[in-house]
Amino acid sequence: MVSVLGPRDEFLRILERELAADLHVRGNEITITGAPADVTAATDVLTELITIVRTGQGLTGDIVERVVGMTAAEDVSAAEVLTQNILSSRGKTIRPKTLNQKRYVDAIDAHTVVFGIGPAGTGKTYLAVAKAVQALQDKQVNRIILTRPAIEAGERLGFLPGTLSDKIDPYVRPLYDALHDMLDPESVPKLLTSGTIEVAPLGYMRGRTLNDAFIILDEAQNTTMEQMKMFLTRLGFGSKIVVTGDVTQIDLPTGTRSGLTVVEQILDGVHDIAFCRLTSHDVVRHRLVGRIVAAYDRFEATLPPGRRT
């Protein structure tokens, strides 16, 4: 009961706040009262929480809130979503935390090319890197290739001091951070040195054919239409591509059309390509981040079309 209701009834207070039914706890029994639909909803939530606890996965306040949201909004088992393991490393298990994240992960398994489009903090890049590391460990691919457009520096990368790695480091730092979460820190430099993991700016993909690789293009909203076409046509045999981006954070010069904003209509109906959209409800950073993203979305909706990003 403590596992379900939380230390000092922390989870019970969340349930009382989020659910319309009344919960009464006495010993090891929970009595639910209210309208029939509200009682059914509360019963479903508690059933999902008990199922999660029985898998050995502990509950947190964030998980409890997500279970309530998923059970109310979707005809899906929240326990099935929240207990799907992607990768375990150093005692930490990486799992999808929302239904859209599970759909995204399942799409990566089922398709050769997947687009993950959504706001900051929705796990687009993090889950893609986790699937890449999983594919490498399972010997489904021989290498991981991570790339980003270095849009701020443009063609001036050569003027920056240091080696190529030093020049592009600021642009690919989020990818390195994800790798260090999923692999032993000592192994990352060795994998980079051996070429098993390659991190490079998008411009260095031109002219290559990438076989037996898991390729991730991050920040794809900052690619032009020509760059997007160039990247997608690098696909070789035995490879998989994941493209991630946020169409609300385009840094391209004014008048330059983002390749990510038009690629869906170009590739609509093409077999073995999937488009997954994540929203502010899928933000898995601090819960305030989701509210900030939603507030910006509401503000953007009030602007004239010509002034929207």
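Is E264 buried, partly exposed or exposed? E264 counts as partly exposed, at 28% relative accessibility. Here, buried means under 20% relative accessible area, exposed means over 50%, and partly exposed lies in between (1.4 Å probe, protein chains only).

This is a predicted model, in which local features need pLDDT of at least 70, side-chain atom pairs count only at pLDDT 80 or more, and totals for chains, interfaces and linings use all residues. Residues are numbered from 1 along each chain as its sequence is written, and side-chain values use heavy atoms, with hydrogens and water left out.

## The chain as a whole

The chain has 309 residues, and 45% of them are buried. Its secondary structure comes to twelve helices and ten strands. These are DSSP runs numbered from the N terminus: helices are H or I with at least four residues, strands are E with at least two. The accessible surface is about 16,300 Å², and carbon and sulfur atoms hold 52% of that area. Such areas come from the Shrake-Rupley method with a 1.4 Å probe; for residues, only the protein chains shown count as cover.

Now take contacts, meaning heavy atoms within 4.5 Å. Among contacts with a separation of 6 or more, 68% join residues 24 or more positions apart.

## Salt bridges

A salt bridge is a side-chain nitrogen of Lys or Arg within 4 Å of a carboxyl oxygen of Asp or Glu. The whole structure holds nine salt bridges. The table lists three of them.

| Salt bridge | Closest N to O distance |
|---|---|
| E18 and R17 | 3.3 Å |
| E264 and R277 | 2.7 Å |

What does the pair of E264 and R277 tie together? E264 lies in helix α11 (residues 259-267) and R277 in strand β10 (residues 273-277), so the bridge ties together parts that are 13 residues apart in sequence. R277 is partly exposed, with a relative accessible area of 48%.

R208 is partly exposed at 23% relative accessibility.

R17 and E18 belong to a network of salt bridges that also includes E65. R17 counts as exposed, at 52% relative accessibility. E18 counts as partly exposed, at 40%.

## Two packed helices

Two packed helices are described by the angle between their axes and the distance between the axes. Helix α6 (residues 99-110) packs with helix α7 (residues 124-137) at an angle of about 40 degrees, with their axes 11 Å apart. Axes are lines fitted to C-alpha atoms, for helices over the stretch in contact, and angles run from 0 to 180 degrees between N-to-C directions.

Which residues meet? From α6 come Q101, Y104, V105, I108 and D109; from α7 come K124, L127, A128 and K131. The residues of this contact divide into five nonpolar, one polar and three charged.

In helix α10 (residues 225-232), M228, M230, F231 and L232 are buried. The buried residues of α10 pack against β5 (113-117), β6 (143-148), β8, β9 (240-245) and α11.

Y204 is found in the loop between β7 and β8. It is partly exposed, at 47% relative accessibility. Y204 and P149 are 55 residues apart along the chain, and their C-alpha atoms are separated by 9.9 Å.

Conventions:
Ala, Val, Leu, Ile, Met, Phe, Trp, Tyr, Cys and Pro count as nonpolar, Asp, Glu, Lys and Arg as charged, and the others, Gly among them, as polar.
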